[in-house]
Amino acid sequence: MDVYEAVATRRAVRGFTDEPVPRAVLERVLTAAAWAPSGSNLQPWHSYVVTGAPLAQIKKVAVGRVAAGDDWDEREFQLYPPVLKSPYGDRRSLFGKERYSALGIVREDWEARQRAAIANWDCFGAPAALFCYIDRDLGLPQWADLGMYLQTVMLLLRAEGLHSCPQMAWSQVRKTVADVVSPPAELILFCGMSIGYEDVTVPYVRHSRAPLDETVTFIDV
């Protein structure tokens, strides 16, 4: 699979089979992903890969918390600005509409929307998850480095025939994750990532992207 194909086929998959992901594959991916760029080679990512019984425990507790209506853990970073101006708010609204329409869920069906959301904390059935942390003393450029690292991981997973789903939703139950992975106090959970083989029977919609002239300006004169 070449790079263009990996980029074109990478998407947030929300339905996985229970086929185990070989540890050797995960080690190969993460060893290569370490070459992702970072300013002054700080390499600010700290990842925990969880499978088997420990992941089953995280899923069980997280799903139970959400189903019971427990309070969220306070995020240690701001996910979105309080007001998303156009075009960002418009794109977010369109995403939600396309996502739930693909599942046959209407806007007014709150219970169905909640059931769909809870699947996040079951990793959409995936047998492996990566939880990515960053040191709380680092700044915005290092958070950008984290994004480049995660994108590199996801593209390498595609090269291995795997899929993924990055999920900042895990920061809402960060204490449940911490109970299992025991991160040092100086680390902040940025996101989780479900990893596995796609369940092709699960419906999905391929979300659109803005046309090039909305996001790129060429200056050549």
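The exercises below concern salt bridges and a pair of strands in a predicted model.

Residues are numbered from 1 along each chain as its sequence is written, and side-chain values use heavy atoms, without hydrogens and water. Local features need pLDDT of at least 70 and side-chain atom pairs count only at pLDDT 80 or more, while totals for chains, interfaces and linings use all residues.

**Exercise 1.** Find which residue forms a salt bridge with glutamate 27, and where the two lie.

Solution. Begin with the rule, by which a salt bridge is a side-chain nitrogen of Lys or Arg within 4 Å of a carboxyl oxygen of Asp or Glu. The partner of glutamate 27 is arginine 23, with the closest N and O atoms 2.8 Å apart.

**Exercise 2.** Decide whether glutamate 27 and arginine 23 are buried or exposed, or in between.

Solution. Buried means under 20% relative accessible area, exposed over 50%, and partly exposed in between (1.4 Å probe, protein chains only). Glutamate 27 is partly exposed because its relative accessibility is 40%, whereas arginine 23, at 64%, counts as exposed.

**Exercise 3.** Describe how strand E3 pairs with strand E4.

Solution. Strands pair if DSSP finds at least two bridges between them; E3 and E4 (residues 187-196) have five, in the antiparallel sense. Within this pairing, histidine 163 stands opposite glycine 196 of E4. Finally, four of the five residues of E3 (residues 163-167) are buried.
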